[in-house]
Amino acid sequence: MKAVQETSETLTVGAAARRLGIAAPTLRSWERRYGLRPSARSAGGHRRYDAHDLARLRAMLRLVEQGVPTAEAAAEVRDRDYPLSAPGVTSATSVAAGPENAATAAFRPSARARREKSRPPIDLFSLANAMDSERLTHEVARSLDRSGAVEAWTDHLMPLLVEVGDQWQRTGACVEVEHLASDAVAGGLRYHTRRAVERFRPVEDERPVVLACLEREDHALPLLALAAALAERAVKVRTLGAATPASSLSMAVRRVRPAAVFVWSSAPETADLTALKTLVRTRPSYSLVIGGPGWQTLGAPTGWVNSLGEAVDALVAAVRPG
Ligand code: B12
């Protein structure tokens, strides 16, 4: 597929449709229904799509592929500018301008999310107990889109998880609700992270952050929340996830050369101080940040942080000192 080389190059509706892999009537109907019109018209009044239009339409297609309803996807992309170096669309000017990233990267809600800000909050716990995966996943993604990862996690997702955990502890039942809720939260966080990476594009020459749980620790959701929040700050993240042997984590440090490693522990059984000592000795050197109630029970060793926001601050500071 040939890329549009210059912002000045424009395509007819047929050529743009071919480039996007969709039918020309679909493009015309998106314009009619959702106002996704090209930036220009020829002297004779024919549609002309430029690289910005293609980047926006590609973003729209990605959302639709991910299951977002067409009208919502259109509302999401309509008022936004997308980086021109999205796959298949390049331009000399976009390289000069650079992506939206690094020190200036900060989450801002989409136009659609801003319009919906006044909507009353949905009871996520009821959706989980009703086993309504579709709506729960949708609401999780919506909350992240509206508020960004730190606020959505702290105000909506974490309370849901704590409530689900308390229900299990109280009744000894409803494990199916816990699994369904975890899956929906994980899905929403991963979806949000993918979009944040596209939007803020991590700086190539910065060192990444590695996120992991040690052996026997399956509670990986806080790592996904952290990955989402760091993606919003344009930090490069390597998530190893649940139950990572300390030796594999050390190997990852040697291979990835991170600026920082974050290790989560939910319970005392997985707060392994010996593994932590091995990690401290692993070279090249990096900042070790730890979080979760497991470490707290050991008297909160050096490097322990107590919230998602604190973890993000500590890790961003390690990547961008000063
Ligand atoms: C989802 C979940 C699971 C899922 C995990 C899926 C996944 N992909 O992560 C599954 C089903 C696998 C699971 C399994 C188990 N779970 Co579980 N699980 C949970 C649940 C509901 C949420 C976990 C979570 O993400 N918590 C993170 C946040 C939401 O909670 P928090 O850590 O308490 O938050 C505090 C701080 O850490 C901080 N904070 C919050 N977010 C963040 C983020 C960062 C980055 C930082 C630094 C701080 C921070 O703020 C909070 C207030 O101070 C919790 C309930 C709960 N209250 O946490 C139980 C819970 C953690 N599980 C529990 C248990 C007992 C188990 C099992 C042993 C059950 C079993 N019999 O099999 C297994 C153990 C699995 C293993 N080997 O690790 C207990 C742990 C009790 C304990 N302290 O030992 C809990 C607390 C439930 C309960 N109320 O009893 N679980």
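Before we start, a quick word on angles: an axis is a line fitted to C-alpha atoms, for a helix over the stretch in contact, and angles run from 0 to 180 degrees between N-to-C directions. Also keep in mind that this is a predicted model.

**Stop 1: the sheet.** Colour the strands. You'll find an open sheet of five strands, in the order S4-S3-S5-S6-S7, with parallel pairing. Strand S4 (237-244) and strand S7 (304-305) stand at the edges with a single partner strand each, so one side of each has no neighbour in the sheet. Zoom in on S7: strand S6 (residues 287-291) pairs with S7 in the parallel sense over two bridges. Select Gly291 and look across to Val305 in S7, its bridge partner.

**Stop 2: the helices.** Now select helix H11 (221-232). H11 lies across S3, S4 and strand S5 (260-264), and runs at about 170° to S3. Next, pick helix H15 (residues 308-319), which lies across S3, S5, S6 and S7 and runs at about 160° to S5.

**Stop 3: the cobalt.** Which residue is the only protein donor of the ligand's cobalt atom? Select His219: its NE2 atom sits at 2.2 Å. His219 is in the loop between strand S3 (209-214) and H11.

**Stop 4: around the ligand.** Show the 27 residues around the ligand; Trp153, Arg216, Asp218, His219 and Ala220 come nearest. Then check these contacts:

- Ala220: a backbone N or O atom lies 2.8 Å from a ligand oxygen atom.
- Glu178: a side-chain N or O atom is 3.1 Å from a ligand nitrogen atom.
- Gly165: a polar backbone atom is 3.3 Å from a ligand nitrogen atom.

How values were computed:
Residues are numbered from 1 along each chain as its sequence is written. This is a predicted model: local features need pLDDT of at least 70, side-chain atom pairs count only at pLDDT 80 or more; totals for chains, interfaces and linings use all residues. Side-chain values use heavy atoms; hydrogens and water are left out. Donors are N, O and S atoms within 2.8 Å of the metal (3.2 Å for Na, K and Ca); water is not among the atoms, so sites may look incomplete. Helices (H or I, at least four residues) and strands (E, at least two) are DSSP runs, numbered from the N terminus. Two strands pair if DSSP finds at least two bridges between them. Contact means heavy atoms within 4.5 Å. A residue is near a molecule or strand if one of its heavy atoms lies within 4 Å of it. A polar contact is a pair of N or O atoms within 3.5 Å; within protein, one must be able to donate a hydrogen and the other to accept it, and residues adjacent in sequence count only if both atoms are side-chain atoms.
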